[in-house]
Amino acid sequence: MKLLVLLSGVWAVLALACLYLNVKGYGKRILYSKAAGDPGKGVVYAFTKAMVPWAKESVRMNMLSYALGMSFHAGVFTAFGLLLAALADLGIPAPLLLLARLLTLAGAIGGFSLLGKRAVKAELRGLSCPDDFISNLLCSLFIALALGWTFDPSLAGIWMGEASLLLLYLPLGKIRHCCFFFTTRYHLGAFFGRRGTFPPQA
Amino acid sequence: MPELDELEAKLDALTEADFRKGLEVFRGKLKSAEASYLNSCVHCGLCADSCHYHRAEPVLENMPAHKLDVVASVFKHNFTAMGRLAPGLVGAKPFDREMAKAWMDAVFGRCSLCGRCSINCTIGIAMPKIFRAARAALAAMGLVPSDLQATVDNSLQFGNNMAMTREDWVDTVQWIEEELQMETGDPEAKLPLDKHGAKILFTVNPREPKFFPLSLQASAKVFWAAKEDWTMASDGGWDLTNYGLFNCNDPQAGAITQHLVDAMARLGCTTLVIGECGHGYGSARWEGPEWLQKSYPFEVKSVLELMEDYIEEGRIKLDPSRNKVPVTLHDPCNLVRHGGICEVQRRILRKAVTTFTEMTPNRAENFCCGGGGGQLSMARYKARRIQAGSVKAGQIKATGAKVVVAPCHNCIDQLMELNKEYKLDVQIKTVAEMVAEAIV
């Protein structure tokens, strides 16, 4: 099972790399207008202050969804940490294990809650395609099984099987945003930085 | 409605070659930034209320992510492996008649390209970039709403978007000059035309000579007070507008920009000054060089920057007590969020009026008035435009201001309609009008 996880991981990394190269292959736009601001400062702003919860109205108005999303992501990263530990047969110190359990518990709650929200809210459901549900479900299950594994090591087989599925699916659907989030935010920051909008002058 | 019949007829007449052409143009607009955006949306839906259309009418079709998805579905179908292998899974759809209609509704009918969704997107997708690419594809397919296209055609044919003749323009300028001379008591107060070697070429929105001569007179009074060496062109190159920004036909947009470049060369001016117009500033300052694929050999400034220079340099002196009525400021999207001109107008107003109240939210978080993106020229979407403007109307009401300053003539048109529709009981003015009033 460990080998399957590793092979799936290699697939995910290679496929993401191909996707990234494909996107990069679209080429860079040559700009002729004179910059008013610093694109670099815009990028720094886009990855820092622009991401704090109170910086965006969309987050301020949806704090619960934001909190669920953040815990979901924290859970995913924690579950991947646990997966690495399990693959390497590393022991996890008790305080760290407690933290991991809390984060994966919060992550699973976040993930399944957001899945429920997507299924229940008509507008969000209308926006969704099957990939939205599959991606969320794979990640939420992955986190929940990671949490279960910390209590019951016999779940390792089913957890790693699910992890393999997640890794195989990762580049195929919207979980690819684990890569393109960074490139997108970079481009947003560079665009508004060049125009002098990021960082705000006031 | 004749517009809708015309649209259906255009859609019915589309051939396979038209769709191929549209896709080719769409693909040509995508660079790595746009390709990244199209791979990033997670459908979280948190962008919904960042859009004034969705605020005013909370339906799925008005959600920015949905509008993006309408375009992205075609991208996936035609340019991604998963879109070809498992279209149903990832929401990929072919570009056909109904999809072209959906694109039109999404990117022309429900979007003013204001970019408020960009800064509120949890991922950071600059959605107007994608919507512009879609508009460009539709333009290549002959699907630009005819009234929007007519505005562009006017600029190409007459050198200004309102088809004013040279004679009308020159007559109006001379008439405003006489008014300025009466106002200032200075017979030497001029609105110079074609003054070779002047430092500044000043450009205006044709709505000024046509409907708002006091606005042009106010700018001229500021130049007069500052003893500026300026001119306007009597022929092509006096109109700052460029609706090529909205029909997204780059060759046409470039041809309109060329009017300004030619006038600068013809008159030997060193600085191109863009009057108070958001999309005019965005077109000339930011997009023009990209459309022409070359840097300008001259500087481009907003008249707001110039007015602040005058105040800072002591070339004009203002007495704010001449503007005692409570004032608020509207932030035009193309000038502020997309243009980077954000604080200048505030610094000016603080020196020109006694009571200045900010709208909430403001600056880069401002709400579009609803008139951007060419909406003012697309009659078929008027009801939506007025409805979407209710958000801005609410902002204005909340300030309690009696004067709304809007450094954009397109915004002014929309705000005047909102004033009437939502009974705001305000006056709409430009920054120059406030400054001119305060000059001592």
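# Close-up views of a predicted two-chain model

**View 1. A buried leucine with positive phi in chain B.** B:Leu113 is buried, with a relative accessible area of 2% (buried means under 20% relative accessible area, exposed over 50% and partly exposed in between, with a 1.4 Å probe and protein chains only). Phi of B:Leu113 is near 55°, a positive value in a residue other than glycine, and the residue is found in the loop between α8 (97-108) and α9 (116-120) of chain B; helices (H or I, at least four residues) and strands (E, at least two) are DSSP runs numbered from the N terminus. Most residues other than glycine have a negative phi, and most peptide bonds are trans. This is a predicted model, in which local features need pLDDT of at least 70 and side-chain atom pairs count only at pLDDT 80 or more, while totals for chains, interfaces and linings use all residues. Residues are numbered from 1 along each chain as its sequence is written, chains are lettered from A and ligands numbered from 1 in the order in which they are written, and side-chain values use heavy atoms, with hydrogens and water left out.

**View 2. An exposed lysine with positive phi in chain B.** B:Lys423 also is not a glycine, yet has a positive phi of about 50°. Its place is in the loop between α22 (409-421) and β8 (427-429) of chain B, and at 69% relative accessibility B:Lys423 counts as exposed.

**View 3. Two cis peptide bonds.** In chain A, the peptide bond from A:Phe198 to A:Pro199 is cis, with omega near -15°, and A:Pro199 sits in the segment after α9 of chain A. In chain B, the bond from B:Thr360 to B:Pro361 is cis, with omega near -5°, and B:Pro361 lies in the loop between β6 (356-357) and α20 (382-388).

**View 4. The contact of chain A and chain B.** The contact (heavy atoms within 4.5 Å) takes 54 residues from chain A and 68 residues from chain B. The two chains bury about 4900 Å² between them, 56% of it on carbon and sulfur atoms, where buried area is the accessible area (1.4 Å probe) that two parts lose on being put together, summed over both. In chain A, A:Tyr26, A:Tyr32 and A:Arg195 lose the most area to chain B, together 17% of what that side buries. Five salt bridges are counted between the chains, a salt bridge being a side-chain nitrogen of Lys or Arg within 4 Å of a carboxyl oxygen of Asp or Glu. One such pair is A:Arg29 with B:Glu34, whose closest N and O atoms are 2.9 Å apart.

**View 5. A salt bridge between distant parts of chain B.** B:Glu365 forms a salt bridge with B:Arg116, the closest N and O atoms being 3.8 Å apart. The pair links distant parts of the chain, with B:Glu365 in the loop between β6 and α20 and B:Arg116 in helix α9, 249 residues apart. B:Glu365 counts as buried at 16% relative accessibility, and B:Arg116 is buried with a relative accessible area of 0%. Both residues belong to a network of salt bridges that also links A:Glu57, A:Arg60 and B:Arg55.

**View 6. A salt bridge within chain A.** A:Asp89 forms a salt bridge with A:Lys2, the closest N and O atoms being 2.9 Å apart. A:Asp89 lies in the loop between α4 (63-87) and α5 and A:Lys2 in helix α1, so the pair ties together parts of chain A that are 87 residues apart in sequence. A:Asp89 counts as exposed at 63% relative accessibility, whereas A:Lys2 counts as partly exposed at 30%.
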